[in-house]
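Welcome! Here is a short tour for anyone meeting this protein for the first time.

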Amino acid sequence: MIIQLRNISAGEEGEKFTFPIHINEVGISFALQPQGWLEAKRINGAYKLTVSAKGILQGVCARCNKPVEQACAASQTYIVKEEDLTLSDTEDTEDQLPMHLGALDAHELARQELLLQVPGVMYCPEGCSGLCPVCGTKKENGCNCETQTGDARWQVLKTLLTDEDKI
């Protein structure tokens with residue numbers, strides 16, 4: 001959604017825009033299409049832009065491989081000076097907003113903010129004990145495997161500990 005900032009009227013009310021966000025990155029999946037919001041206000045020769053986005057991520061738990069959904073939300077505020085509206089995208093700007101000659105790409109801005117909030121791994125809610133490293137079944141289902149506590153080749157080093165140091 002392209003928004004011409006010069007068309008934003010001055011005042012405290014500003015203008016509000018709502019739009020869907022399209023995410024095409026590999027490995028990122030949303031249960032429903034994420035939504036974006038932009039609130040733009042013109043104040044004293046500058047523009048205050050508040051961009052927000054939210055969606056429900058889908059993935060698998062990194063501990064137990066069970067499907068999981070997790071809320072993902074982002075919100076950021078930017079201030080754009082009036083003189084920055086005349087810059088083309090070939091000129092160097094400090095904030096690097098997706099903007100060209102006063103036209104702001106609100107979709108791209110919200111998409112970037114939302115992608116920054118996507119976690120590297122997802123987990124089940126608290127209480128997930130994960131998978132057994134020996135047999136691969138879920139620990140919560142009552143796995144009876146014995147797990148080793150360390151490499152047997154290093155056991156000789158435990159003889160060097162005094163009685164006070166032993167764990």
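Predicted model: local features only at pLDDT ≥ 70, side-chain atom pairs only at ≥ 80, totals over all residues.

A disulfide is counted when two cysteine sulfur atoms lie within 2.5 Å of each other. By that rule, the protein has zero disulfides.

Residues are numbered from 1 along each chain as its sequence is written, and side-chain values use heavy atoms, without hydrogens and water.

Residues are called buried under 20% relative accessible area, exposed over 50%, and partly exposed in between (1.4 Å probe, protein chains only). Here are three of them:

| Residue | Relative accessibility | Class |
|---|---|---|
| C61 | 1% | buried |
| C132 | 5% | buried |
| W154 | 55% | exposed |

Of the 167 residues in the protein, 30% are buried.

Now to the fold. Helices (H or I, at least four residues) and strands (E, at least two) are DSSP runs, numbered from the N terminus. The protein has eight strands and one helix, in the order β-β-β-β-β-β-β-β-α from the N terminus. W154 sits in the segment after α1 (106-116).

Finally, contacts are heavy atoms within 4.5 Å. Among those between residues at least 6 apart in sequence, 55% join residues at least 24 apart.
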